[in-house]
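Please have the sequence and the structure open as you read.

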Amino acid sequence: ASVDADRGRFRYYLKTSVRNAVRSHLRQRKGPKTIQSEAVVAGVADSPASAESVGDEWIENWRECLMDRVWQTLEQHEHSAEGNLFHTVLRLSVEYPKESSSQLARRTEGQIQAAAFRKQLSRARRMFASTLLNEVAETLDDPSAEEIEEELVETGLMRFVGDFLPDDWRTSRELPDEQATA
């Protein structure tokens with residue numbers, strides 16, 4: 001299978017590849033289940049209502065995949081940069097959204113004070129947004145800023161990063177190094 005250059009979306013390529021692999025697998029099986037299973041796969045692929053629910057599930061899984069990759073990047077960054085707690089502070093702020101920075105800083109078991117927690121959290125959010133932006137860009141074929149933004153909106157990720165992207169993200173798509181480190 002080849003990637004559809006007009007669509008330029010890696011996830012559509014994956015979706016089509018998986019559907020075709022399932023169809024091929026079902027064709028190789030023998031017996032009445034094959035015909036029924038193929039009909040179900042074809043029905044899901046061709047039915048607008050079913051396709052919409054499958055599309056929604058696909059987008060949810062795609063969003064989770066992208067988010068997991070970003071969290072992993074933050075965790076790797078934290079382990080490789082001394083004094084950096086981006087992954088820790090962001091995770092704490094997500095897990096305990098109603099707590100103050102003082103309360104969250106205490107959860108780091110003395111690794112950081114409240115003022116430093118706020119500073120690291122601000123930088124972590126910007127790095128998270130920038131990393132997510134780059135992850136999305138990598139899945140598109142020669143993406144423009146508009147295509148990246150469209151993908152962020154379509155996957156429901158813009159709401160997580162929109163406020164934390166630098167003003168010039170459409171031209172640079174990356175944060176300067178001094179902002180991304182603690």
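## A buried glutamate

In this predicted model, Glu-78 has its place in helix 3, which covers residues 48-80. Glu-78 is buried and yet has no salt bridge, for the nearest side chain of opposite charge, that of Arg-91, is 9.2 Å away. A salt bridge calls for a nitrogen within 4 Å of a carboxyl oxygen.

Side chains of opposite charge can pair when their charged atoms come close. The count of salt bridges in the model comes to three. One of them joins the side chains of Arg-69 and Glu-135, at 2.7 Å from N to O. This pair links distant parts of the chain, since Arg-69 is in helix 3 while Glu-135 is in helix 6 (residues 114-138), 66 residues apart. Arg-69 is partly exposed, at 38% relative accessibility, whereas Glu-135 is buried, with a relative accessible area of 10%.

## Two further pairs

The side chains of Arg-170 and Glu-149 also meet in a salt bridge, at 2.9 Å from N to O. Arg-170 lies in helix 9 (residues 169-172) and Glu-149 in helix 7 (residues 145-154), so this pair ties together parts that are 21 residues apart in sequence. Arg-170 is partly exposed, with a relative accessible area of 40%, and Glu-149 is partly exposed as well, with 24%.

Arg-107 and Glu-99 form a salt bridge through their side chains, at 2.7 Å from N to O. Here Arg-107 counts as partly exposed at 36% relative accessibility, and Glu-99 counts as partly exposed at 22%.

Notes. Residues are numbered from 1 along each chain as its sequence is written. This is a predicted model: local features need pLDDT of at least 70, side-chain atom pairs count only at pLDDT 80 or more; totals for chains, interfaces and linings use all residues. Side-chain values use heavy atoms; hydrogens and water are left out. Helices (H or I, at least four residues) and strands (E, at least two) are DSSP runs, numbered from the N terminus. Buried means under 20% relative accessible area, exposed over 50%, partly exposed in between (1.4 Å probe, protein chains only). Lys and Arg count as positive and Asp and Glu as negative; His and the chain ends are not counted.
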